[in-house]
Amino acid sequence: MNLQNSSLATTKKAFKESWLALKNNRVIFIPFLIFAIVDLVSLFILFLAPRMPLRLALGPIIRTIWSETFLHYPANFILLQKLSFLSRLALSVLIGSLLTGIAVSIIQSIFYKRPVELKKSFLSALKIYFSLFLVTLIVTGLFYFTGKAMSFVLAKYFSRHARLLFIGARIWFGPVSMALNFLIALFIQALFIYAIPLLIIEKMKFKKAIARSFVLLKKLFIPTILLIGLPMLLYIPIIVMEYNTVFLIEKFIPEIILVILMTGIIINSLLIDPLITAATTLLYLKKKEEGQL
Amino acid sequence: MKKTLLVLLALIFITGCADDQYAIERRYWFLKKQAEKIFNNPEASPPRELETIVANHYSFIKKYPNNVLSLRANFDIASLYAVKKEFEKARAHLNSMRAQYSANLSINADITTAIGSTYEIEEKWPQALEQYNKVIKEYPLTPTGFSIPVYIAKYYERTYQPDRAIATYHQAIGHYKGLIDKHPGTPVALNAGLMIADCYGSLADWSNAAKTLEGILKDYKDKVNLDALMMNTALLYLGQLKDEFRAKELLHTLVNDYPKSRYSGTAKAILKKLSKPQE
């Protein structure tokens, strides 16, 4: 009970400190803002894929992998959601990894009350870009493939059975899948959340940083899960809406999907990611200074 | 950086504002949404609403006369009039479409069928039948013309006129046999054969249905992909004719000739089940 209370107190303190850090040091938002802009531009390009002249380049790809249907209004919005998701995964690995490294470096400067030098933070992250890239690739890959594996297993099961644990297929592929994907994302992120701070702050080697991240998760399990899970809850309304694309298109206008995806990018990049990155990095630095790690 | 962003924004703006096929599809989608107000509740919608929506359809057709969606918009106008029980207006509009689409047999078949449908909704079956027979006579090879003989038979089934339904199915069979004689060895003959089998199936004359399908399998072997037809024929032998031996033969042929077919897995599963000793 004491351990639980102290974990909750730690979490509360970490949230408070990260909130204050973000409020008083807007410079932390710069890497996340850059990612949000890139993600939004990518979303717009994908949105305009069925239009000339982008159709000339993207049309054959969409036609081959998905079908001609998705190059027409309003079916393109159904595919847009998937394309946006895939694009975000790719951008996270290629650019997001570097930008997260820069953000951690900025937070480190703020924690130690040193002046923030964006160029220095950029160069320190760029130096270890390959390691940052690998960490993000592993996290993204694990998330993507466990999601696919879960869908495959469920589809295979329900091709022969009507119910699983007294619940029908519709519920499993709907709210249950949503909840499971959320938990999978939470645990995968928690496993590797300290890897980037360790690479940037402690200048550890890649394998050592990964292993140490697992150890830190074990030591700071409850605070880490809460520091990642609670901000992620902000994204649930977006997930619910993304699961009901067809209904929303029929009920309102198809362009609402674009609005939902844009809102998702803003919430994710400018609220959830900065909060999680700041909270976990500051928690790590605080615990390190207190000699508890 | 600023310059790149400005160029990108300009490109997005230009692309987004172009009046291309996508933009036309978008306009048509909003037209359909307007029309749905009437389709969903024809009695409750005021007459003025119909006028407005029909006028919007005409504007769309005038702006994009050669677009495929204009053809749909034309049929939508007829449907709107029909659902509001203004059948004469619907037929007048459909007849006015003939001038624009005179060169296209398929569209003309659809126009004539739509005129028949308005009579059918009005419960004037003799006039509807006249139009449908016109389609069969003048446009027999169009997709609509091809399926109308069976449509007429199914009408009699729906309206509980079994004798007429049976007679019409036999008429349809005769019609399709005529098409096979006129166009032997062609896709027309293949499709006509499938329609004949369908008619025999509707008549529950399974042996003739099987005979027809076997004929197609023999005549079109190595000419077209017959995996689906082989599977359907095997299931017919199993389900209706209780001829396990012939069903197994067909399934073995399917598995051997089309190993990568999506029916191959099902065929193997059925063969496995059939090979188990019966208790």
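**Salt bridges and interface**

Tutor: A:Arg63 counts as partly exposed, at 36% relative accessibility. Keep in mind that this is a predicted model.

Student: Which side chain does A:Arg63 meet in a salt bridge?

Tutor: A:Glu68, with 2.4 Å from N to O. A:Glu68 is partly exposed too, at 31%.

Student: How many salt bridges are there over all chains?

Tutor: The search of the whole structure gives 17.

Student: What about B:Glu88, which residue does it pair with?

Tutor: B:Arg91, where the closest N and O atoms are 2.8 Å apart. Both residues sit in helix α5 (residues 87–100) of chain B, three residues apart, or about one turn of the helix.

Student: Is B:Arg91 buried or exposed?

Tutor: B:Arg91 is buried, because its relative accessible area of 4% falls under the 20% cut-off. B:Glu88 is exposed, at 56%. The two also belong to a salt-bridge network with B:Glu122 and B:Lys124.

Student: Switching to the interface. How many residues does each chain bring to the contact?

Tutor: Chain A brings 21 residues and chain B brings 14. The buried area is about 1,500 Å², with 63% of that from carbon and sulfur atoms.

Student: And how many salt bridges cross between chain B and chain A?

Tutor: Three. One of them joins B:Asp20 to A:Arg51, with 3.0 Å between the closest N and O atoms.

Student: Which element gives the most to the side of chain B that touches chain A?

Tutor: α2(B), with seven residues. By class, that side of chain B has eight nonpolar, two polar and four charged residues.

How values were computed:
Residues numbered from 1 in each chain as written. Chains lettered and ligands numbered in written order. Predicted model: local features only at pLDDT ≥ 70, side-chain atom pairs only at ≥ 80, totals over all residues. Heavy atoms only, no water. Contact = heavy atoms within 4.5 Å. Buried area = accessible area lost by both parts, 1.4 Å probe. Salt bridge = Lys/Arg side-chain N within 4 Å of Asp/Glu carboxyl O. Helix = DSSP H or I, 4+ residues; strand = E, 2+ residues; numbered from the N terminus. Nonpolar A, V, L, I, M, F, W, Y, C, P; charged D, E, K, R; others polar. Buried < 20%, exposed > 50% of the residue type's maximum accessible area, 1.4 Å probe, protein only.
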